[in-house]
Amino acid sequence: MAKKGGNKEVARSHNGTLETAVLFVFLCTCPKVVMATREIKNPVLRKLAEYGLITLSIWIMVIGIYFFKFPNNFAFGGVTGFSTVIARMTGWSAGDFTFFVNTALLVVGFLFLGTDVGVKTVYASMLMSFSLSALERLYPLGGPLTQEPLLELIFAIFCPGFGSAVLFNIGASSGGTDIVAMILKKHTSMNIGSALLLVDLTSVVMAFFVFGPTTGLFSSLGLMAKSLVIDDVIENMNLCKCFNIICDDPGPICDFIINELHRSATTYKAEGAFTHHNKTVIMTTMKRVQAIKLRNYIRKVEPTAFILISNSSEIIGKGFLTS
């Protein structure tokens, strides 16, 4: 007969598998949802889609924080990093502490920033706080989901980093120390990046004393990797393909770009250095899915065309970034 404790371990393992599967679906679909939201023309539907995306991003962050960060006492990253340490020192739940601090920071934000805090930030901050507090009551955890702390650290870094990147990409944030950054930016000449890094370092140093060197070192690793994850996710979400197409007959290619892909292009005349034949160069930029269609079409209509394709994650102009 199996022991009762063994059954609990098996049940927790199955639950962890389910949570990981749900998380995997979220991470795979979220970038596609971001791209689709940008293409919505109706302002009401676009606003609804944006708030749906904010909700999805916050839940991704909450999964990483509650199921991977809190149980392992990883103390890096803003308010939730401090919550991990304070929860151990005072016995107060990390979710309730996060709720209290985020609410207080929102009040301070309105006092110093007024409406600059933004409705999206208020919604995201409150949703995160409520979700963490609700999970502590509905799904209490007695310990980490697995016995692999490095694996859990990866999820504790990636999930909040991914969610934060999506929020930043649509002009929102999860509140917390982001509000402190907004206040410092508006009212002081202090280097914001250094100030926020100092806040994060404080929670990591506290982790060394409260949880010991192992957890402290894991937290240090998480702090170093967090910003890299956010930057890489934002860059990949905004990634576009820039084409320079050197061809003999630009007409069909330009028609395809304009009528099928609903993009524009710039053309100019050129001359081959070796053959001295007249050529046309077509310059255009588009999303990755559209780029595949264009590449295949060029191969079909003019196989001898010379195509240069490069990546860019910051394009300013109509149809892309506006500022």
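Predicted model: local features only at pLDDT ≥ 70, side-chain atom pairs only at ≥ 80, totals over all residues.

Trainee: Okay, how many helices and strands does the protein have?

Mentor: The protein has 11 helices and four strands.

Trainee: And what share of the residues is buried?

Mentor: Of the 323 residues in the protein, 44% are buried. The accessible surface is about 17600 Å², and carbon and sulfur atoms supply 66% of that.

Trainee: Switching to α9, what is its reach from first C-alpha to last?

Mentor: Helix α9 runs over residues 213-237, which is 25 residues, and it reaches 36 Å, close to the 36 Å expected at 1.5 Å a residue.

Trainee: Where does α9 bend?

Mentor: At Ala-225, by about 30°.

Trainee: Which residues of α9 are buried?

Mentor: Thr-215, Gly-216, Ser-219, Ser-220, Gly-222, Leu-223, Val-229, Ile-230, Val-233 and Met-237.

Trainee: Why would residues three or four places apart point the same way in an α-helix?

Mentor: An α-helix has 3.6 residues a turn, so residues with that spacing end up facing the same way.

Trainee: Now the strands. In what sense do β1 and β3 pair?

Mentor: Antiparallel: β1, residues 240-247, pairs with β3 over seven bridges. Within that pairing, Ile-245 stands opposite Ile-282 in β3.

Trainee: And β2 with β3, how many bridges there?

Mentor: Six, again in the antiparallel sense. Thr-266 stands opposite Met-283 in β3.

Trainee: What sits between the strands of the β2 and β3 hairpin?

Mentor: Six residues, and in that hairpin His-276 takes a positive phi near 60°. His-276 lies in the loop between β2 and β3 (278-286).

Trainee: Is His-276 buried or exposed?

Mentor: Exposed, because its relative accessibility is 52% and the cut-off for exposed is over 50%.

Trainee: You said two histidines. Where is His-262?

Mentor: His-262 is in the loop between α10 (250-260) and β2 (266-271). Its phi is near 55°, a positive value in a residue other than glycine.

Trainee: And why does His-262 count as exposed?

Mentor: Because its relative accessibility is 63%, and over 50% counts as exposed.

Conventions: Residues numbered from 1 in each chain as written. Heavy atoms only, no water. Buried < 20%, exposed > 50% of the residue type's maximum accessible area, 1.4 Å probe, protein only. Areas by Shrake-Rupley, 256 points an atom, 1.4 Å probe, with all protein chains shown as cover. Expected span 1.5 Å × (residues − 1). Bend = angle between axes of the 7 residues up to and from the residue. Pairing = 2+ DSSP bridges.
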